[in-house]
Every structure is written in C-alpha cells, then in structure tokens.
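Student: I have a model open and want to learn how to read it. Can you take me through it feature by feature?

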Amino acid sequence: GTRTLGNDNILYMSGAEAYFVNNYLYNRYIYEYEKPYGNGWFYDFYLPEKDLFIELTGGLFPSRIEEKVLFNKLHNRNCLIISTMDIYKKGFKFL
C-alpha cells in the first residue's frame, strides 16, 4: 500500500487504513494503531473501550487471515476481520 496521512496526523501503511480511520474511527472512538499481537504480528487497530481488535484484510493472503482468526480464537480475543473492499462500499456499517 501507499503510506497515507490520516485526519489524526498518523502516517498509515496504506490508503485503506487512513480511509478507515477518517470515515469510521476518527472523532468517534478511541483507538490504537498497530497494536502488537504478542507474536510479532500487529493488529491494524484496537478499540480499548470495546476491547475490540480490528484487521483490514488488505493484501493479506487467505492463509494469513485464517492464522489470525485461529490465533484470536485461541486467545479469546474479540477481533473483527473486515474486507478492505467493504469499507469503500456505500452502506457499509461499522459498529
């Protein structure tokens, strides 16, 4: 992805991450960017008030997404996996 500055002045790894922040998180939720999993991976976002981890699928291979889903189930973490394509769709609802 192309590094993109969000409305919160954070330089995101992709335009999709900045778009997600600008349209769904900024001025709505407290969030952390690139919260560590604890195994060398990073969540795209974490919403502490909801104890919710968020992953945008972006350029992830399906096998990596499956690994992340399994990891979260094993650790009883609330994780929402969102297709990057969905965030651009009219009518997409987030929380």
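Predicted model: local features only at pLDDT ≥ 70, side-chain atom pairs only at ≥ 80, totals over all residues.

Student: What does the radius of gyration say about the chain?

Tutor: Compare it with a rule. The radius is taken over C-alpha atoms, and the globule rule is 2.2 Å times the number of residues to the power 0.38. For 95 residues, a compact globule would come out near 12 Å; this chain has 13 Å, which agrees. The C-alpha atoms fill a box of roughly 35 × 30 × 25 Å along the principal axes.

Student: What share of the contacts joins residues 24 or more positions apart?

Tutor: A contact means heavy atoms within 4.5 Å. Among contacts with a separation of 6 or more, such pairs account for 41%.

Student: How many salt bridges does the structure hold?

Tutor: Look for a side-chain nitrogen of Lys or Arg within 4 Å of a carboxyl oxygen of Asp or Glu. The structure holds 3 such salt bridges. One of them pairs glutamate 32 with lysine 35, at 3.4 Å from N to O. Glutamate 32 is partly exposed at 31% relative accessibility. Lysine 35 is partly exposed too, at 25%.

Student: Which residue forms a salt bridge with lysine 68?

Tutor: Glutamate 55 does, with the closest N and O atoms 3.3 Å apart. Lysine 68 lies in helix H2 (residues 62-74) and glutamate 55 in strand E5 (residues 52-56), so the pair ties together parts that are 13 residues apart in sequence. Are these two buried or exposed? Both lysine 68 and glutamate 55 are buried.

Student: Where is the salt bridge of aspartate 86?

Tutor: Its side chain meets that of lysine 89, at 3.1 Å from N to O. Aspartate 86 is partly exposed, with a relative accessible area of 26%.

Student: Which residues does threonine 84 touch?

Tutor: Leave out residues up to four places away in sequence, and threonine 84 touches Ala16, Leu56, Thr57 and Gly58. Threonine 84 sits in helix H3 (residues 84-87). At 13% relative accessibility, threonine 84 counts as buried.

Student: Where is tyrosine 19 found, and in which helix?

Tutor: Tyrosine 19 is in helix H1 (residues 15-25). Its relative accessible area of 28% makes tyrosine 19 partly exposed. With the four-place rule applied again, tyrosine 19 touches Tyr24, Ile87 and Tyr88. Now take a C-alpha distance. Tyrosine 19 and leucine 5 are 14 residues apart along the chain, and their C-alpha atoms are separated by 9.4 Å.

Key: Residues numbered from 1 in each chain as written. Heavy atoms only, no water. Buried < 20%, exposed > 50% of the residue type's maximum accessible area, 1.4 Å probe, protein only. Helix = DSSP H or I, 4+ residues; strand = E, 2+ residues; numbered from the N terminus.
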